[in-house]
Amino acid sequence: MTVLTVYAFLYGKAYLALSGIGAQLESRAQITSNAALQSALETQFLFQIGIFTAIPMIMGFILEQGPLKAVVNFVTMQLQLASIFFTFSLGTRTHYFGRTLLHGGAKYRATGRGFVVEHIKFAEIYRLFARSHFVKGLEIVILLLIYMVYGYEDSTVGYILMSFSSWFLAISWLYAPFIFNPSGFEWQKTVEDFGDWTNWLLYKGGVGVKGEESWETWWDEEQSHMQTLRGKFLETLLSLRFLFFQYGVVYRLHAADSSTSLRVYGVSWVVLIAIVLLFKIFTFSQKTSVNFQMFLRLFQGTVFVLLLAALALLIVLTALSFGDIFASLLALIPTGWAILSIAITWKPVVKRLWLWKSIRTIARFYDAAMGMVVFFPIAILSWFPFVSTFQNRLLFNQAFSRGLEISQILSGKPADA
C-alpha cells in the first residue's frame, strides 16, 4: 500500500504539471487567498514513507527500553543505513506480492546466503533485481524529473521537500545492493564486474545454457510467470501507464507550439516508428559476403549523415530546440518499454507475426542502457579510494576492516591490471 501510494502521488503530481491544471490552481489559490487549496497543492510526501512506517518500531523500543535508549537505538540504525536496507526490502516484497496477485504461482525461494564478506558480481545483482527494483526505480526517477522540469513549484526548497522521500525510495531501489555488497566500490572489482556483465549480456542463449551465463536465457526465464489469460490482461493494462509520459510531454515541446491537436500526438508516433526503423538499420549485421557488408556500412553511414542534417534543419527552420530532444527521450523511452512489455506478455502472438527477434533485440538494448545507467555512478565512486574504505568501515567492524585493507595490500594487483 505504501508503494502504491507513492505511485499514485507521483503520477498525480506529474499529471497536474503536464496538463497545466496545477499551475492554474496554484495561481487561483494565491489570488483568492484560499489557504485550504494552497495547502492541498503543496502536499509534502516527506514523512509518509519513513516516519509513519517507523512509528510502531519506535513505540516498541520505548516500551521495552525507555525513551532515551529508544532514541539512541533509532539514530544508530539510521547511521547504519537501516532505512536504505528496509526500503529496498519493501520493494522486494511489493514486487513478488504483486506478481503473485496478478499471475499466481507463489512458491518458496531459498535465499542462498553465502559467506558474509563474499563480493557479488554486478551481473548477478542485475539478474536478481532488474525487474523488481531497477525498472521501478528508474520509472520513479523519470516521474520526478518530469515534475522538476514541468512542475509549478516556485522554489527549489519546495521541490526538495515534496520529492525527498521519493528520491530516497528510488535511490534505495537502484543502489542498496551495491552499498551492502562487500568491495562494491573497489576499482579492480568494478572493472572485472563490468567485463563479466558485458560478456553475459552479449552471450547467445541455446540448449543447456543457463540464465547465469546468457542474457537471452535469463530474459526467457523472466517471462515464465505469465501463464494465465487474466494475468496477461492485467499486465497489459498496467503497462499502458507508460504511454502517459509520451501523451503528456509531446504537448509541452516547443515544436508543438502550444497546440492541443491530436495531430501532435500522431506525429510523435511517426517519430517513434522512424526511430525503431533507424535502430533496425544500424543494428542489422547479417553475415554475408564482404561486398554486401561494405554496401551495408556505406548505407548506414549515409543514413547517419542525413539524420544529422535533418535534425540540424529542424532546429534551424522550426521551433524544435535541444531541450525538446531531451524531453522527447523522457517521453518516448517509456513508450518503447510499454510496447516491449505488452509484446512480451503476448509472446505467442508476436511470434506468429515474425516480430519476436526484433523485440528481443530491442529488449537487449533496453537492458544494456538500464545497466549502464545503474553502473555509471558506481564506476565514478570507485575512482575514489575513500569510498571503498568508508564502505568497509560501515559494513564490518574496525578490526575486520583493517585486516581486509591489509590483505588487499599484501595480495597486490593481478598481472593484467
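Which residues does Tyr126 touch, not counting residues up to four places away in sequence? Select Tyr126 and look around: Phe134, Trp197, Trp200, Trp218, Asp367, Met370 and Gly371 are its partners, where contact means heavy atoms within 4.5 Å.

A word on what's loaded: this is a predicted model, in which local features need pLDDT of at least 70, side-chain atom pairs count only at pLDDT 80 or more, and totals for chains, interfaces and linings use all residues. Residues are numbered from 1 along each chain as its sequence is written, and side-chain values use heavy atoms, with hydrogens and water left out.

Buried means under 20% relative accessible area, exposed over 50%, and partly exposed in between (1.4 Å probe, protein chains only). Helices here are DSSP runs (H or I, at least four residues), numbered from the N terminus.

**Out to the surface**

Pick Trp187, Val191, Phe376, Ile380, Trp383, Phe384 and Phe386: together they form a nonpolar surface patch with about 770 Å² of accessible area. Areas are Shrake-Rupley values with a 1.4 Å probe. Helices H9 (187-202) and H17 (356-382) each give two or more residues to the patch. Phe386 sits in helix H18 (residues 385-395) and counts as exposed because its relative accessibility is 58%.

Go to Thr236 in helix H11 (residues 229-239). Thr236 is buried at 16% relative accessible area, and it touches Ile342, Thr345 and Trp346, not counting residues up to four places away in sequence.

Next, Met59 in helix H4 (residues 50-65) is partly exposed, at 44%. Draw a distance from its C-alpha to that of Ala70, 11 residues apart along the chain, and you get 8.2 Å.

Finish on helix H5 (residues 67-79): at 1.5 Å a residue, its 13 residues should span 18 Å, which agrees with the 19 Å between its end C-alpha atoms. The expected span is 1.5 Å times one less than the number of residues. After H5 comes Leu81, with a positive phi near 65°.

Key: Patch = residues over 30% accessible without salt bridge, like charges linked within 9 Å, V, L, I, M, F, W, Y side chains within 5 Å. Salt bridge = Lys/Arg side-chain N within 4 Å of Asp/Glu carboxyl O.
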